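Biologist: I'm new to reading helices in a model. Could you walk me through some with me?

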Amino acid sequence: MIEHMPTSSPPSPGVGDASSALDVAALPKVLLHDHLDGGLRPSTVLALAQEQGYEALPAGEIGALSRWFAESADSGSLVRYLQTFDHTVGVMQTVDALTRVARECAVDLAEDAVVYAEVRYAPEQHLTAGLTLDQVVEAVNRGFREGEEEAAGSGMRITVRAILTAMRHAARSTEIAELTVRHLGAEVCGFDIAGAEDGFPPTRHLPAFDYLRQHNAHFTIHAGEAFGLPSIWEAIQWCGTERLGHGVRIVDDITLDGVAVTEDLPAALARSAHDPSAFQLGPLAAYVKDRRIPLEMCPSSNVQTGAAPSIEAHPISLLKDLHFRVTLNTDNRLMSATSMTREAQLLVDRAGWDLADLRRMAVNAMKSAFLPFDERLQMIEDVLKPAYDR
């Protein structure tokens, strides 16, 4: 059960029924950007801490711990936001803990009507109790498979794949790239780098990206969240990323009537819905749009870290209107006290999104998934379209 997620508006009787509110909770969702260590159940954090003798938790009761994570993350600072992971990672150091967290992740996402998810984590952060990198991956994979089976037993459908992440401030990216290639296939689908962007450009990890390309492996890069256009440009043009983790700062390369849209995002949003041709794209923004490079956007998280001013003025709506390949994601469900349903509902309630917008996000995400083409197409035709087009 998704015990820590805020409840969204009560579901209405008919998805797509113009006479009723939009039933966001019932819509099948596709999630490309979700961190395993950012989505634990508070009860699990407490239970694992007790089992392992981990005494550093800031609270000893589920409600208080949930509030601490949400309030600590809601600081406007990416650096402080990342510090909340000390406690989740701290209790994810054994095979049993990793398997449990992964199993519960799959079940929680299935309960949120997520039908396909790519969940990322950094194996190098789970070695303090003596596990090897391969043991970490095997434990998480086992948990995802158990979670898929548990969800299926309750009549829910979900497919989960893992993305292995290297930390950009560390020096193990090539080792994690090799780990990714060793496990690439039905369970691990790709590679990522994450962590504080400022001062740690993706070009520091070129050997890892070269290795991945040589072995035909998919990868995404966190870029354009805390740092601006240079981060995005390096991720694409130097490193060759297929997707951008967040990429919200691509709006820095868009103008309206000769003025940067970031000078007045609400005014730009008011214009983009009915007059997208009025906007001018800089060379990098045009490249991202023309090449259909997916943007893994996470509205609530972006607001928390200061990468976006608000849900109402989040660049995701502007970029959607300008026909970038935007996808909707959670980032860290615990820290943002969120779910895919909540993220979608916020955009419906506060940014004026409708069923067609949510359909586009789901299809965009499935098109951009690190799955074989035939599997992506089948999911779009057999699962997404029947639900959104009725």
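Modeller: Gladly! Let's begin with helix α2, residues 62-73: its 12 residues reach 17 Å from first C-alpha to last, close to the 16 Å expected at 1.5 Å a residue. The expected span is 1.5 Å times one less than the number of residues, and helices are DSSP runs (H or I, at least four residues) numbered from the N terminus. This is a predicted model, where local features need pLDDT of at least 70, side-chain atom pairs count only at pLDDT 80 or more, and totals for chains, interfaces and linings use all residues. Residues are numbered from 1 along each chain as its sequence is written, and side-chain values use heavy atoms, leaving out hydrogens and water.

Biologist: How do the axes of α1 and α2 cross?

Modeller: Axes are lines fitted to C-alpha atoms, for helices over the stretch in contact, and angles run from 0 to 180 degrees between N-to-C directions. The axes of α1 (residues 42-52) and α2 come within 9 Å and cross at roughly 110°, so α1 is roughly perpendicular (65 to 115 degrees) to α2.

Biologist: Which residues make that contact?

Modeller: Contact means heavy atoms within 4.5 Å. From α1 come P42, S43, V45 and L46, and from α2 come I62, L65 and S66.

Note on methods. Helices (H or I, at least four residues) and strands (E, at least two) are DSSP runs, numbered from the N terminus. Angles under 35 degrees count as roughly parallel, over 145 as roughly antiparallel, 65 to 115 as roughly perpendicular and the rest as oblique.
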